[in-house]
Amino acid sequence: MMDDMVGLAAVSLLGVLEQAYFSLQVIYARRKFSVSPPRTSGPPEFDRVFRAQANCAEYFPIFITVLWTSGVFFSPGLSSVCGLLYLYGRFRYFCGYSQSAQGRGNMSIIRDTRQNRLNIRFLRHTHTSNLSNI
Amino acid sequence: MMDDMVGLAAVSLLGVLEQAYFSLQVIYARRKFSVSPPRTSGPPEFDRVFRAQANCAEYFPIFITVLWTSGVFFSPGLSSVCGLLYLYGRFRYFCGYSQSAQGRGNMSIIRDTRQNRLNIRFLRHTHTSNLSNI
Amino acid sequence: MMDDMVGLAAVSLLGVLEQAYFSLQVIYARRKFSVSPPRTSGPPEFDRVFRAQANCAEYFPIFITVLWTSGVFFSPGLSSVCGLLYLYGRFRYFCGYSQSAQGRGNMSIIRDTRQNRLNIRFLRHTHTSNLSNI
C-alpha cells in the first residue's frame with residue numbers, strides 16, 4: 001500500500017513547493033511596490049498577486065483532502081495525475097491573475113487549446129456589440 | 001482498517017462540498033454587489049459573506065486534522081458523527097453570518113433549542129435597560 | 001506502524017491547540033481595540049495580531065502536509081521533533097509580530113541566540129548612519 005502512496009506524497013510535496021513559490025512572489029511584490037506588513041493592500045498590481053496567493057492557499061487544504069481521499073479509496077495513479085493537472089492549472093491561474101484580474105480564467109487547461117479561437121470570437125463580439133457590465 | 005475509514009472519508013468530502021458551496025456564495029455575492037476581484041471589501045452584506053467564507057476556510061484544515069487524528073487513533077464512528085455536527089454548525093454559522101454579524105453565534109446546536117427563550121430574554125433586557133457598547 | 005504515528009498525531013493536535021490560541025488572541029484584540037466583525041482592519045496593534053494569526057493559519061495545512069508526508073515516508077521521530085521546533089518558531093513569530101512588524105523575524109531559533117549581538121550592532125549602525133527606507 002505504501003508504494004502506491006509515493007505518487008500522492010510526491011504530488012503533495014510539489015503542491016507545498018508551489019505554495020512556497022507563490023508566497024515568495026508575494027514577498028517580492030511587497031518589496032517592489034513598498035507594501036510593508038501588516039498592510040495587505042496597495043497598488044492593483046500588488047493586490048492581484050496578494051489575492052492570487054490567498055486564493056491558492058485557501059484551496060490548498062481542499063486539494064490535499066481530495067487528493068488523498070480519492071487516492072486511498074479509489075485510484076492512487078489517477079489521483080496523482082489529476083493532482084498534477086490541478087497544480088499546473090493553479091500555476092497558470094497565479095500567473096494570469098498576477099498580470100490581470102481577467103487572467104484568473106486561465107486555470108482551465110481545456111480552455112488553453114481553445115483560447116485563441118475564443119479570443120478571436122471575443123474581439124469580433126466587442127467590435128460588433130456593446131458589452132453590458134458583466 | 002480501510003472499512004472503518006470510509007465514514008471519515010465521506011465526512012471529509014462532505015466538508016469539501018460545503019466549502020465549495022461557501023465559495024459559490026461568495027461568487028454570487030461578488031456579482032450581486034458588483035465587487036470584482038481583486039477587491040475584497042464592499043457593502044456590509046458582501047463583507048459578511050466574504051468573512052464567513054474566509055473563516056470557514058481557515059478552520060477547514062484544523063477540522064480535517066482533528067477529524068482524522070481522532071478517527072484513526074480513537075473512534076472512527078464517533079469522529080464521523082462529531083464531524084457531521086461540526087459541518088452542520090458551520091452551515092448555520094455561514095447562513096447566520098451572511099444575514100447579520102450577530103448571526104455568527106448560531107454555530108452552536110445546543111443554543112439552537114434555547115434560542116427562542118434567549119431571544120425573549122434579550123428583548124426584555126433591551127426594553128428595560130440601556131445597552132452599553134459591547 | 002500505528003505506534004510510530006502517535007508522535008505525529010500528538011504534534012498535529014498541539015498545532016491545532018496553537019492555532020486555537022492564536023484565534024483567541026484575535027478575539028481578545030477585537031474586544032480590546034473595538035474592531036467588531038466583519039471588519040478586519042483597525043489600529044496597527046490589531047492589524048498585526050490579525051495578520052500574524054492569518055499567516056499562521058495559511059501555513060498550517062502546509063505544515064500538516066509536510067509533517068505527515070515526511071513522517072510516514074521517512075522518519076516519524078525526526079518529523080515530530082522538527083514539527084515541535086516549527087510550532088515553537090510560530091509561537092515566537094506570533095508574539096514578535098503582535099508587538100511589532102519587525103518582530104516577525106523572530107521565528108528563527110538560531111537567530112535567537114544571536115539576537116542580542118545583532119541588536120547591539122543594529123543600534124550602533126543606526127547611530128552612525130542614516131537608514132534609507134528598506
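Student: What ipTM does the predictor give the complex?

Tutor: The model shown here is a predicted one, and the predictor attaches scores to the complex as a whole. The pTM is 0.77, and the ipTM is 0.74.

Student: In which helix of chain A is confidence lowest?

Tutor: Chain A averages a pLDDT of 80, and 77% of its residues score at least 70. Over residues 110-134 of chain A, however, the pLDDT is below 50, and this stretch has 8 contacts in the model beyond near neighbours in sequence. Where pLDDT is low, the predicted coordinates should not be read in detail. Confidence in chain A is highest in helix α3 (residues 76-99), at 93, whereas the lowest mean, 45, belongs to helix α4 (residues 110-128) of chain A.

Student: How much area is buried between chain B and chain A?

Tutor: The contact takes 19 residues from chain B and 16 residues from chain A. The size of an interface is often given as the accessible area lost when the parts come together. Carbon and sulfur atoms give 76% of the area buried between chain B and chain A, and that area is about 1,400 Å².

Student: Which residues of chain B lose the most area to chain A?

Tutor: The area buried between these two chains is about 1,400 Å². Three residues of chain B together account for 35% of what that side buries, and those that lose the most area to chain A are B:Met2, B:Pro37 and B:Pro38.

Student: How many residue pairs are in polar contact across the interface of chain B and chain A?

Tutor: Salt bridges come first, and across the interface of chain B and chain A the rule finds 0 of them. The residues of the side of chain B that touches chain A divide into 14 nonpolar, 5 polar and no charged. For polar contact, the number of residue pairs, both at pLDDT 80 or more, is 2.

Student: Which element gives the most to the side of chain A that touches chain C?

Tutor: Here 19 residues of chain A are in contact with 16 residues of chain C, and the count between the two chains is 0 salt bridges. The elements of chain A that give two or more residues to this side are α1 (2-32) and α2 (44-73). With 9 residues, the element that gives the most is α1(A).

Technical notes. Residues numbered from 1 in each chain as written. Chains lettered and ligands numbered in written order. Predicted model: local features only at pLDDT ≥ 70, side-chain atom pairs only at ≥ 80, totals over all residues. Heavy atoms only, no water. Contact = heavy atoms within 4.5 Å. Buried area = accessible area lost by both parts, 1.4 Å probe. Salt bridge = Lys/Arg side-chain N within 4 Å of Asp/Glu carboxyl O. Polar contact = N/O pair within 3.5 Å; in protein donor to acceptor, adjacent residues only side chain to side chain. Nonpolar A, V, L, I, M, F, W, Y, C, P; charged D, E, K, R; others polar. pLDDT = per-residue confidence, 0-100. Helix = DSSP H or I, 4+ residues; strand = E, 2+ residues; numbered from the N terminus.
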